[in-house]
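Trainee: Please walk me through reading a fold, one feature at a time. Where do we start?

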Amino acid sequence: MRTEVRGFTLLEVLVALAIVALGLMAAFGQLNQTAATATRLREKTFAHWVAQDRLVELRLLREFPAVGNRSDEVEFGGVEWKYTLRVSQTPFEGLRRVDVDVAFADRPDRVITTLSGFLRRPPAVPPAAGAAPDDWYVLDPDRDGG
């Protein structure tokens, strides 16, 4: 009488472990790529917000900037950012193009995002009381009666 031994051979176990290891490597690689993508998207989103803030600030200050470049740094989201405003002339006298480049302050040559906008020359005289303004105005307590 012969008894059969049931089980796996060492070779079968090694092949199974190799397949599991390859699967885990692929899964961890994908997780690493997902984490890197999420970090990059967070950086781009914050940089875009910094650029938007600079354009909105120019509009609210009703500033008509001179043609040229200027840079500054700002803290946003726990990170130091460097932005550069590039103001250029357009074919229209009362219109300026503003490009805002945003980078990390410690890596200013690596621009993360660029946002472009246009600013028009503010009207010389604000509209009369009760008239509908043709643009946004900074809140002014004297003008608003308060």
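Mentor: Start with the elements: helices (H or I, at least four residues) and strands (E, at least two) are DSSP runs, numbered from the N terminus. Phe8, for example, lies in the segment before α1. This is a predicted model, in which local features need pLDDT of at least 70 and side-chain atom pairs count only at pLDDT 80 or more, while totals for chains, interfaces and linings use all residues. Residues are numbered from 1 along each chain as its sequence is written, and side-chain values use heavy atoms, with hydrogens and water left out.

Trainee: How many helices and strands does the protein have?

Mentor: The protein has 1 helix and 4 strands, and along the sequence they follow the pattern α-β-β-β-β.

Trainee: In what order do the strands form the sheet?

Mentor: Strands of a sheet pair through backbone hydrogen bonds, either parallel or antiparallel. Two strands count as paired if DSSP finds at least two bridges between them. Here the 4 strands form an open sheet in the order β1-β2-β3-β4, with antiparallel pairing. β1 (68-76) and β4 (107-120) are the edge strands, each pairing on one side only. From one strand to the next, the twist averages 25°.

Trainee: Which element packs on the sheet?

Mentor: Helix α1 (residues 10-60) does, touching β1, β2, β3 and β4; contact means heavy atoms within 4.5 Å. The direction of α1 makes about 35° with that of β4. Axes are lines fitted to C-alpha atoms, for helices over the stretch in contact, and angles run from 0 to 180 degrees between N-to-C directions.

Trainee: How many bridges link β2 and β3?

Mentor: β2 (residues 79-89) and β3 (residues 95-104) pair over 9 bridges in the antiparallel sense, and their hairpin has 5 residues between the strands. Within this pairing, Tyr83 has Val102 in β3 as its bridge partner, and Thr84 has Asp101.

Trainee: Is β3 mostly covered or exposed?

Mentor: Buried means under 20% relative accessible area, exposed over 50%, partly exposed in between (1.4 Å probe, protein chains only). β3 is mostly covered, with 8 of its 10 residues buried. In the protein, buried residues make up 22% of the 146 residues.

Trainee: Why does Phe8 count as exposed?

Mentor: Phe8 counts as exposed because its relative accessibility is 72%.
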